[in-house]
Amino acid sequence: METTHRVYVEDSRDLSNLDDDSVELVVTSPPYPMIEMWDDLFTDLDPAIGDALESGDDRAAFDAMHAQLEAVWDELERVLVDGGLACINVGDATRSIGGRFRVYPNHARILESFEARGFDPLPDVLWRKPTNSAAKFMGSGTLPPNAYVTLEHEYVLVFRNGGEKREFEPRADRRYEAAYFWEERNRWFSDVWTDVRGELQDLEFDGEGSDLRERSAAYPLEIPYRLICMYSTYGDTVLDPFWGTGTTSRAAICAGRNSVGYELEDAFLEVFDDRVDAVPELSRSIGRSRLDRHRSFVENRRDDGKSLGYEAVHYETPVVTKMERSIRLREATAIDERSDGYRVEHRPLSISLESPTG
Ligand SMILES: C[S@@+](CC[C@H](N)C(=O)[O-])C[C@H]1O[C@@H](n2cnc3c(N)ncnc32)[C@H](O)[C@@H]1O
């Protein structure tokens, strides 16, 4: 099986390279309005934003920054198939402007914007990010009443395009083979994720520390990887209109889906290019750790005297539900850079998963 991964170094307020109804899932993290690191970028997109910030008109700046994102949301409605999902990772911002401190609720604003465009909001996820403990003392330290709660979470807002679910032919392999384990469903479909750094080994920023992650505001690979497994099937294409260092595309390769990205900053493409050769190994290690975790789950469940009613078809392991039987993880085996993007060869992850005895 082959997947393709394209990146356009272009402005995603115009997605005219993409046909109508040509992507099945959007997974992205935009620049967060009112976070200072993005002031220059927003001002480049609309110089009135810089003027508003300089004159202390924070509301005008907030509105105008969201207007830049809304131009992208308009395009998503067109390129996403009916019933396709959009997952938007975003955090709120806190800031003092003109001596007044307040929160700028980006998540609420984006929720309204998507609803106004005919998307149906679905239950969202709140994930806890590790923060610097010094940041906990915002405001007046330990004296009431003027200290502020620290923002230690971000949102993954989830929307469906149009009112209807996607339809599949009965027993479609690309859907059944992309199933996730029952215990993964229980963890992934919780509305609070406290373990996003725990599950996949965070290889992607090894050697460069957190500096690059901070400069690029990259999210942990685990966020797009889970969302792609939760909300798309094999054969689908995942779009990230704020591609950054391409974490979404690396997650898509690991999950065996196609991807397409848009990014203004061409230097990030080199970052991706430097790391892409390591992705086959990453995909294998992610697949193996999912299977290892399943094996531990099976052992624990047996120890608890609970049943596992079905046998998986492609791995020597029992599973809890009938829907999991055809699960077939994929690993990337070769990556080839072409003029129009990357072609990736995949094969089924083929390790034997012994049934634990006892
Ligand atoms: C929060 S970062 C995304 C980080 C990415 N998720 C990762 O893991 O590396 C937002 C990115 O969107 C890009 N960007 C902002 N506005 C854009 C636009 N209109 N078109 C294309 N890219 C844009 C920025 O250059 C930045 O790299």
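Student: Where does Arg171 sit in this predicted model?
Tutor: Arg171 lies in the loop between strand 9 (153–161) and helix 5 (173–176).

Student: Why does Arg171 count as exposed?
Tutor: Arg171 has 8 C-beta neighbours inside 10 Å. The cut-off for exposed is 12 or fewer, so Arg171 counts as exposed.

Student: What is the phi of Arg171?
Tutor: Phi of Arg171 is near 60 degrees, which is a positive value in a residue other than glycine.

Student: Is Met34 buried or exposed, and how do you know?
Tutor: Met34 has 23 C-beta neighbours inside 10 Å. A residue is buried at 20 or more, therefore Met34 counts as buried. Met34 also has a positive phi, near 75 degrees, and its place is in the loop between strand 2 (23–28) and helix 1 (39–45).

Student: What makes the bond that joins Pro144 and Pro145 a cis peptide bond?
Tutor: Omega is about 0 degrees there. Pro145 is found in the loop between strand 7 (138–139) and strand 8 (147–148).

Student: Which residues touch the most other members of the largest nonpolar core?
Tutor: They are Val23, Val26, Ala86, Cys87 and Ile228, in a core of 52 residues. Leaving out residues up to four places away in sequence, the contacts of Val23 include Leu18, Val79, Thr237 and Val260.

Student: How many residues surround the ligand, and which are the closest?
Tutor: The ligand is surrounded by 20 residues, the closest being Ala218, Phe242, Gly244, Thr245 and Thr247. By class, this shell has 10 nonpolar, six polar and four charged residues.

How values were computed: Residues numbered from 1 in each chain as written. Predicted model: local features only at pLDDT ≥ 70, side-chain atom pairs only at ≥ 80, totals over all residues. Core = buried A, V, L, I, M, F, W, Y, C linked by C-beta atoms within 7 Å. Contact = placed C-beta atoms within 7 Å. Near = placed C-beta within 6 Å. Nonpolar A, V, L, I, M, F, W, Y, C, P; charged D, E, K, R; others polar. Helix = DSSP H or I, 4+ residues; strand = E, 2+ residues; numbered from the N terminus.
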